[in-house]
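Subject: Structure handover

Hello,

Here is the structure I said I would pass on. Please open it first; my notes on what was found follow below.

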Amino acid sequence: MAKSEYNEEIQNTADVYVNEWFNETRIDQDVIPSVARLSFELGVSRKTLYNWGNEYPDFLHTLEKLQSLQEILLLNKGLKGEFNSNIAKLALANHGYMDRVANEVNLNDETKEKADKLIKDYLGNAKAGRK
């Protein structure tokens, strides 16, 4: 993609892209708004978009709005079953969501007593070393 200079027309095109999602005029083209599609429409790389976001507050606002809209659509349509749950989960990881697994350890009484003794011995030794 050819490098392009940021200007008002670029900002307007980006705003139109994001705002059309609120009016649902883009849904027939893409499932969710994306930085990849925006970079394609503007004829620049994603890196250029992020560079513009670092340099121009208005463009940063547009990128953040796009990301928020993407997150909302992924979350809501994922919960409604309108999106493949695995793909929605994968995409939401880019927005800070994660799948956590709780690990629980069950110890029998004998193992618990041994563990308690080891901890007490360790703490006692650590205390003695500080004197």
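At what angle do helix 2 and helix 4 pack, and how far apart are their axes? Helix 2 (residues 35-42) and helix 4 pack at an angle of about 135°, with axes 10 Å apart. Axes here are lines fitted to C-alpha atoms, for helices over the stretch in contact, and angles run from 0 to 180 degrees between N-to-C directions.

Before the rest, a note on the source. This is a predicted model, in which local features need pLDDT of at least 70 and side-chain atom pairs count only at pLDDT 80 or more, while totals for chains, interfaces and linings use all residues. Residues are numbered from 1 along each chain as its sequence is written, and side-chain values use heavy atoms, with hydrogens and water left out.

Overall layout

The chain has six helices and zero strands. Both are DSSP runs numbered from the N terminus (helices: H or I, at least four residues; strands: E, at least two). Of the 131 residues in the chain, 26% are buried (buried means under 20% relative accessible area, exposed over 50%, partly exposed in between, with a 1.4 Å probe and protein chains only). Among contacts with a separation of 6 or more, 53% come from residues 24 or more positions apart; a contact means heavy atoms within 4.5 Å.

Helix packing

Helix 2 and helix 4 are oblique to each other (under 35 degrees counts as roughly parallel, over 145 as roughly antiparallel, 65 to 115 as roughly perpendicular and the rest as oblique). On the helix 2 side, Val 35, Leu 38 and Leu 42 meet Phe 59, Leu 63, Leu 66 and Gln 67 of helix 4. By class, this contact has six nonpolar, one polar and no charged residues (Ala, Val, Leu, Ile, Met, Phe, Trp, Tyr, Cys and Pro count as nonpolar, Asp, Glu, Lys and Arg as charged, and the others, Gly among them, as polar).

Helix 2 also packs against helix 3: the axes come within 9 Å and cross at roughly 95°, so the two are roughly perpendicular. Val 35, Ala 36, Leu 38, Ser 39 and Leu 42 in helix 2 meet Arg 46, Leu 49, Tyr 50 and Trp 52 in helix 3. That contact divides into seven nonpolar, one polar and one charged residues.

The axes of helix 4 (residues 57-79) and helix 5 (residues 85-92) come within 10 Å and cross at roughly 150°, which makes the pair roughly antiparallel. Glu 71, Leu 74, Leu 75 and Gly 78 of helix 4 make the contact with Ala 88, Ala 91 and Leu 92 of helix 5.

Aromatic residues

The whole structure holds four aromatic pairs (rings of Phe, Tyr and Trp, the last by its six-membered ring, pair if their centres lie within 6.5 Å; planes under 30 degrees apart are stacked, over 60 edge-to-face and the rest tilted). Tyr 6 and Tyr 56 are stacked, because their ring centres are 3.9 Å apart and their planes are at 15°. Tyr 6 lies in the segment before helix 1 (8-22) and Tyr 56 in the loop between helix 3 (46-55) and helix 4, so the pair ties together parts 50 residues apart in sequence. Tyr 6 is buried at 18% relative accessibility, whereas Tyr 56 is partly exposed at 26%.

Trp 52 and Phe 59 form an edge-to-face pair, 5.5 Å centre to centre with 90° between the planes. Trp 52 is buried at 5% relative accessibility, and Phe 59 is buried at 0%. Tyr 6, Trp 52, Tyr 56 and Phe 59 form one aromatic cluster.

Regards
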